[in-house]
Amino acid sequence: MPDSQDPGAKLPAPPRFLLFEYSELNPAMRADPHALFDPQRRERPVEHDGMIPAMLISAYGVGRESLMDRSLSRNFDDAAPENPVIANVRRLNAAMAAEFGKHDSMLTLDDPDHGRVRGIVAEAFLKRAAGAQGLVARIIDAQIDTLAGRETFDAVNDYAARIPIQVLGTLLGSPPEMFESLKVWTEAGQLAFDPTKSAEQEKLALDGRRGILSHFKALMEARRVEPQDDLVSDLLAAQAAGAPIDDNEILFNLFALLVAGHLTTADLIGNGIYLLLTHHDARQAILEDPKLINSAIEEILRYEPPISFSARFAKADGAAGGCPYHKGDALVVSLISANRDEDRIDDPHRFDITRRPNPHLSFGAGAHICVGAPLARIEGQTAILKLLQRFPNMRKADDSPPDWRVVPGVRGLAKLDVLTA
């Protein structure tokens, strides 16, 4: 110790890698995120990451304001290059750009391009989603039929994860024989946001993206020659009628709709089944009054959101919640924490399927609010209600803790073994 140092002085706290500590890469966070987030939100609702150019926002108010702030960006090009998560995604995007062109989906565009592209894609997609109730019900009935007579099954991999890929695949225009490949490719694509992945996992992520984009590129070529009753044909028809959207934008938005819509909805269904198997009064209430499934889905989304955080990037220096940030910083809003903020949600750790209002942020907020939310709600409501009605005595196969997937930004179960009687 240097002579000039006061032996009684406290050493400065070591820097904290917040986006690791509060991500699914941390086993403690997976097991009980709120043991970490509750004190963080009360004491440091906005805090700079000590290791990378980012800040963690855990409070509802500041989080919602940041998600709605149009001066912030969704474009990875606006993020500081030394951010390892961003560098990882940029590397994958560059590899895909070399083959398919620049990644121009509404998920990563800012205005004015975001508004232009989202308006065209959303109009076509929401028309399809609005008429999808019958399709969703038929797919779910058929999936439940595959479980009939079984004493046990995995409610995630045998059920929840198989429904959205069929719904989206059908709406977009993919043939049924492609559904399994699309499912495998989208699940591999989750690895893109894991900075700790191996070289083998990076190859899987690249191959998954390549498979999806190649499929939709071929499908666009086929539908341009012979249109069908599907979303690909709708978007090509809009383009031909003068809508300002190019082939590359159609391609990458088809990719975005599939990847985002499949994975998040599968986790919504899986998380919902788990919550209702562990909250018996809520499950019984739904069986007695099926109309409760609508508000139950909102509470499932709030209580265990399929996406655990959403990020924006600073295009200039600024401040959030009184905490300054610098150009290039990632503003990472924890949806898990915001949805349990006691300053905004009454008794936030209580699972209440009759909760109203329920202002959760699980679909985001502002200009980038999830375009697939209406379809996800239909799928979640129908899939969970029909499964409970077909197997009213279903229960967890054992008392083991939930097996959450180790994927940053994702709150979803790897499996959920159940008994049917």
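What we have here is a predicted model, where local features need pLDDT of at least 70, side-chain atom pairs count only at pLDDT 80 or more, and totals for chains, interfaces and linings use all residues. Residues are numbered from 1 along each chain as its sequence is written, and side-chain values use heavy atoms, leaving out hydrogens and water.

Okay, helices. Two packed helices are described by the angle between their axes and the distance between the axes. Helices here are DSSP runs (H or I, at least four residues), numbered from the N terminus. The axes are lines fitted to C-alpha atoms over the stretch in contact, and angles run from 0 to 180 degrees between N-to-C directions.

So, H8, residues 163–172: it packs with H12 at about 155 degrees, axes 8 Å apart. The two are therefore roughly antiparallel to each other; angles over 145 degrees get that label, under 35 is roughly parallel, 65 to 115 roughly perpendicular, and the rest oblique. On the H8 side, Pro164, Ile165, Leu168 and Leu172 make the contact, and their partners in H12 include Leu257, Gly261 and Ile269. Contact means heavy atoms within 4.5 Å. By class, this contact has nine nonpolar, three polar and no charged residues. For the classes, Ala, Val, Leu, Ile, Met, Phe, Trp, Tyr, Cys and Pro count as nonpolar, Asp, Glu, Lys and Arg as charged, and the others, Gly among them, as polar.

H12 (residues 247–277) also packs with H6 (residues 113–130), at about 60 degrees with axes 11 Å apart.

Last pair: H9 (residues 179–189) and H10 (residues 199–225) pack at about 135 degrees, axes 7 Å apart. That makes H9 oblique to H10, and their crossing is left-handed. Among the residues that meet are Trp185 in H9 and His215 in H10. This contact has six nonpolar, four polar and one charged residue.

Key. Left-handed = near helix turned anticlockwise from the far one by under 90°.
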